[in-house]
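Hi there,

Here is the structure I promised to pass on to you. Please have a look at it first, and then read on for what I found.

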Amino acid sequence: MQQSQSNGYGGEVSAGAAGIIATLFAFSHLSFSFDSDGLADGFARLYAYATDHPEAREILLAID
């Protein structure tokens with residue numbers, strides 16, 4: 001993963017963790033454009049999954 005333009009994160013993660021990060025960013029971005037309980041639910045469920053992921057610390061730092 002390259003350095004984030006939004007928060008300065010510059011760590012390295014696996015492809016799976018990068019996918020989680022990208023999807024969390026997408027859910028967040030879309031939720032500002034569309035009023036959808038599904039987007040909020042999707043974000044919450046993926047966030048909960050991410051907190052139990054082996055790379056949770058890196059994922060949470062990347063999305064902070």
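Below are my notes on the helices and the core. One thing to keep in mind is that this is a predicted model.

I began with helix H3, which spans residues 56-63. Its buried residues are Ala56, Ile59 and Ala62. Because these residues cover an arc of only 130° around the axis, they sit on the same side of H3. As for what covers the buried residues of H3, the list includes helix H1 (15-33) and helix H2 (37-51).

Next, the packing of H1 against H3. Two packed helices are described by the angle between their axes and the distance between the axes. Here H1 and H3 pack at about 35°, with their axes 10 Å apart, and the crossing is right-handed. On the H1 side, the contact is made by Ala17, Ile20, Ile21, Leu24 and Phe25, and on the H3 side by Ile59, Ala62 and Ile63. Sorted by type, the residues of this contact are 8 nonpolar, no polar and no charged.

In soluble globular proteins, nonpolar side chains tend to be buried together. The largest nonpolar core in this model has 10 residues: Tyr9, Val13, Ala17, Ile20, Ile21, Leu24, Leu46, Ala50, Ile59 and Ala62. At least two residues of this core come from each of H1, H2 and H3, and H1 supplies the largest share, with 4 residues.

- Ile21 lies in helix H1 and counts as buried because its relative accessibility is 0%.
- Ile59 is in contact with Ala17, Ile20, Ile21, Leu24, Ala50 and His53, leaving aside its neighbours within four places in sequence.
- His53 is found in the loop between H2 and H3. Is it buried or exposed? At 16% relative accessibility it counts as buried, because the cut-off is under 20%. Not counting residues up to four places away in sequence, His53 touches Ala17, Ile20 and Ile59.

Best wishes

Terms used. Residues are numbered from 1 along each chain as its sequence is written. This is a predicted model: local features need pLDDT of at least 70, side-chain atom pairs count only at pLDDT 80 or more; totals for chains, interfaces and linings use all residues. Side-chain values use heavy atoms; hydrogens and water are left out. Buried means under 20% relative accessible area, exposed over 50%, partly exposed in between (1.4 Å probe, protein chains only). The arc is that of the directions from the helix axis to the C-beta atoms. Contact means heavy atoms within 4.5 Å. A nonpolar core is a set of buried Ala, Val, Leu, Ile, Met, Phe, Trp, Tyr and Cys residues joined through side-chain atoms within 4.5 Å. Axes are lines fitted to C-alpha atoms, for helices over the stretch in contact, and angles run from 0 to 180 degrees between N-to-C directions. A crossing is left-handed if the near helix is turned anticlockwise from the far one by less than a right angle, and right-handed if clockwise. Ala, Val, Leu, Ile, Met, Phe, Trp, Tyr, Cys and Pro count as nonpolar, Asp, Glu, Lys and Arg as charged, and the others, Gly among them, as polar.
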